[in-house]
Amino acid sequence: MSCRQSACMDMTLAEKIVDSFDHPTTDDLIPLLQKIQDAYGYLPPDVLMNVSKRTHIPASRMYGVATFYEQFHLEPRGRFTIRCCRGTACHVKGGQQIIHAIKQALAVEEGETTPDMRFTFETVACLGTCFLAPAMMINNDYYGHLTSERVKTVLAEYKT
Amino acid sequence: MPDKKIRSIDNLERLRTRILEEGKKYKSRVLVCMTGCRALGAANVVQAFREKLTAASLDSEIAVVETGCIGLCARAPVVLIEPYRYLYGGVQVTDVDEIVQTTLRKGQPVTRLTMSENGTVLPHITDVPFYQKQQRLVLEHCGRIDPKRIEDAIAGGTYLAAANALTSKTPDEVIDEVANSGLRGRGGAGFPTGLKWRFCRKSPGDQKYLICNADEGDPGAFMDRALLEGDPHRIIEGMILAAYAIGASHGFVYVRAEYPIAVEHVGIALNQARTFGLLGNDILGSGFDFDIEVRMGAGAFVCGEETALIASLEGKRGMPTPRPPFPAEKGYKGQPTNINNVETFANVPLILKNGAQWYKSHGTQGSAGTKIFALAGKVNNTGLVEVPMGTTLRELVFDIGGGIPKKRRFKAAQMGGPSGGCVPAQFLDLPVDYDSVKDIGAIMGSGGLIIMDENTCIVDIARFFLQFVQSESCGKCTPCRIGTKQMLNILQAICKGEAKIQDLDRLEVLAGHIQKASLCGLGQTAPNPVLSTLRYFRDEYEAHISEKRCPAGECKALVTYSIDTDKCTGCAACKKKCPVEAISGKVKKLHTIDQAKCVKCGACYEVCRFDAVTIK
């Protein structure tokens with residue numbers, strides 16, 4: 001589904017999404033951006049400009065919202081998003097080590113994407129799975145009771 | 001497709017009887033938690049049960065049910081077998097055959113999978129200490145029904161209270177019942193729910209809105225996630241009752257995007273409720289119209305604050321606005337709006353079903369009912385627990401939680417997340433309710449309960465929460481945006497041993513200003529974790545500053561790991577575990593740590609069975 005180079009930026013996806021809303025207003029902005037991001041993997045600026053023209057929602061407003069919420073990204077993302085929990089329970093159970101292990105295994109810092117566009121690594125305030133602490137999510141799958149070694153094994157499964 | 005709409009309360013009761021009758025064909029039911037336990041292989045276990053039962057031609061008499069959280073998350077994946085009430089923990093695909101043969105065919109427990117206490121096998125869920133002091137009223141269906149099937153919810157009695165109220169009570173009577181029950185908001189602040197509803201009902205406005213706040217952002221809290229995943233129809237029923245009471249026709253569930261299973265289950269539940277005529281126009285022939293829309297949060301903690309949440313629903317940056325006007329007067333789109341937390345809505349059907357007096361008979365004088373806690377951190381039985389208000393911390397941590405792993409000493413319980421505080425051991429016998437916890441400088445909050453042992457550094461915890469609120473501050477008001485940054489700088493200096501003793505006073509002064517001058521709850525409560533730890537653990541702050549020592553051995557800049565020459569047996573466990581190859585030594589010879597390479601991760605300390613690794 002996702003398309004990552006501006007040269008092949010396909011506007012029809014975005015147009016379909018806009019049409020699926022009945023005359024979208026600023027009220028619909030967050031669900032609208034969420035759907036666009038689901039389709040493209042991120043919020044490509046060209047697409048946002050196009051959507052702005054069609055909906056009459058100012059691009060500045062879109063930019064304001066997209067930069068306020070952690071979930072929105074204006075840069076292309078990796079195929080797999082790793083969200084490592086830095087919540088309280090994970091913190092007291094050694095979550096810092098897990099974050100360190102992921103950084104080492106992928107050679108990226110928080111918020112970065114690997115050059116092969118396979119992984120994007122971010123940390124979140126809490127995944128709400130404290131009984132699994134320390135925990136992480138890869139896309140929509142949870143991994144719990146992590147150790148530095150288990151991080152390596154899990155990531156290896158996603159590398160091939 | 002046949003019309004499934006239920007048009008009257010009689011219809012609903014008849015449907016319930018029919019579902020219960022149909023359920024009788026199953027001799028037993030295998031309940032597998034498919035929410036939290038999914039992370040540890042529950043999906044494979046479900047599949048294995050289905051395959052084995054089909055192969056043994058038992059699938060027509062034994063049902064496999066994918067449930068929500070059964071509670072004892074520490075033993076995930078958890079399986080409960082009815083009617084025997086056998087509770088199995090850590091169930092893997094390889095155990096399924098034995099469970100089919102021993103339990104499902106012969107009715108006997110598989111004792112190697114059951115819980116045990118001091119060597120005694122406790123096969124029944126009712127014998128397990130984790131459950132004995134609990135009172136699962138709000139969680140009655142969580143872990144007992146398939147949350148993706150409205151039929152299961154209806155069989156359990158869901159929607160009957162709403163059907164009754166819609167057809168035989170006036171909105172004011174519903175509000176009176178809730179007000180008399182003493183229900184207080186479960187999101188943290190504990191505002192009386194009945195009063196909040198009445199404000200909204202009385203506010204003039206043609207269109208009113210109802211919002212379920214499921215933006216559970218406190219680190220360490222997962223009660224709302226469990227409720228939405230495990231029993232979404234109960235929340236919908238609570239929302240129908242609230243909407244009827246205040247006169248709203250449109251509702252929202254604002255749920256965190258980090259909870260994909262909750263989003264999925266609520267979506268399924270809403271569609272089913274519409275198909276069955278429990279949402280939409282003329283619900284159950286009562287003439288009342290109400291529908292609910294799911295909105296996903298986009299990753300901003302501040303949106304748990306009600307005015308910020310409304311801004312987010314309106315497609316704006318999630319920044320709070322000054323109150324008054326309160327949402328009850330001017331909320332979503334400037335119309336009267338009522339916002340309650342997930343757990344608050346989940347309590348409402350109980351009150352309407354059993355009456356205010358019954359509800360009040362649970363809990364304490366000022367805090368009626370039960371509270372769900374997410375028990376986590378350094379405690380043996382991590383999981384989801386529901387207890388009457390007024391249960392002591394000792395009962396929660398030791399009787400239900402099974403104490404601290406490795407028999408370490410209890411140090412404190414963090415309650416109320418970033419708005420709360422640390423409750424030290426001297427208050428273990430304090431009955432936990434809204435008012436008692438507030439008196440000692442914490443708040444009950446939404447119900448996250450993180451247990452800390454002697455190896456947890458309290459200054460580091462305060463720093464952790466400050467870092468959290470600092471990064472989540474929306475930046476609108478100066479005290480929160482800049483004040484928390486200054487407090488964080490001081491705390492970071494303390495953790496590195498670079499602070500002065502006067503900095504503690506500066507922390508308190510700053511905290512006072514931030515509490516008084518911030519715009520919303522996030523800023524006003526942000527200093528709480530620092531203030532409560534300064535109040536009870538000042539000596540630990542002082543040790544960091546004056547002695548450049550971290551008593552818990554957690555602040556990396558202040559500790560060194562070394563190996564005790566007398567105790568080391570040369571087992572090489574630490575050498576294998578060290579992530580940076582800082583440990584050297586031959587097998588059965590003394591091992592040593594190269595301080596230049598050591599990253600102070602503590603892996604060697606955790607793995608050593610001879611207490612030979614010391615932290616100084």
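1. How many residues does the contact take from chain A, and how many from chain B? The model is a predicted one. In it, the contact takes 37 residues from chain A and 45 residues from chain B. On the chain A side, the elements that give two or more residues are α2 (29-40), α4 (59-68), α5 (88-92), α6 (95-106) and β4 (141-143). By class, this side of chain A has 20 nonpolar, 14 polar and three charged residues.

2. Chain A itself contains seven helices and four strands. Their order along the sequence is α-α-α-α-β-α-α-β-β-β-α.

3. On burial, 41% of the 160 residues of chain A count as buried. Among the contacts in chain A with a separation of 6 or more, 63% are accounted for by residues 24 or more positions apart.

4. Chain B is divided into domain 1 (23-132), domain 2 (150-170 + 187-349), domain 3 (370-456), domain 4 (459-546) and domain 5 (560-615). Note that domain 2 is given as two segments, 150-170 and 187-349.

5. Within chain B, domain 1 and domain 3 touch: seven residues of domain 1 are in contact with nine residues of domain 3. The domain 1 side of this contact has six nonpolar, one polar and no charged residues. Taken over C-alpha atoms, the centres of domain 1 and domain 3 of chain B are separated by 29 Å.

6. One helix pair in chain B is worth a separate entry. Two packed helices are described by the angle between their axes and the distance between the axes. For helix α6 (residues 160-168) and helix α10 (residues 232-246) of chain B, the angle is about 15° and the axes are 9 Å apart. Angles under 35 degrees count as roughly parallel, and α6(B) and α10(B) are therefore roughly parallel to each other. Their crossing is left-handed.

7. Which residues make the contact between α6(B) and α10(B)? From α6(B) come B:Ala161, B:Ala162, B:Ala165 and B:Leu166, and these meet B:Glu237, B:Ile240, B:Leu241 and B:Tyr244 in α10(B). By class, the contact of α6(B) with α10(B) has seven nonpolar residues, no polar residues and one charged residue.

Technical notes. Residues are numbered from 1 along each chain as its sequence is written. Chains are lettered from A and ligands numbered from 1 in the order in which they are written. This is a predicted model: local features need pLDDT of at least 70, side-chain atom pairs count only at pLDDT 80 or more; totals for chains, interfaces and linings use all residues. A residue is buried if 20 or more other C-beta atoms lie within 10 Å of its own, exposed if 12 or fewer, and partly exposed in between; C-beta atoms are placed from the backbone. Two residues are in contact if their C-beta atoms, placed from the backbone, lie within 7 Å. Ala, Val, Leu, Ile, Met, Phe, Trp, Tyr, Cys and Pro count as nonpolar, Asp, Glu, Lys and Arg as charged, and the others, Gly among them, as polar. Domain bounds come from an automatic or database domain assignment. Axes are lines fitted to C-alpha atoms, for helices over the stretch in contact, and angles run from 0 to 180 degrees between N-to-C directions. Angles under 35 degrees count as roughly parallel, over 145 as roughly antiparallel, 65 to 115 as roughly perpendicular and the rest as oblique. A crossing is left-handed if the near helix is turned anticlockwise from the far one by less than a right angle, and right-handed if clockwise.
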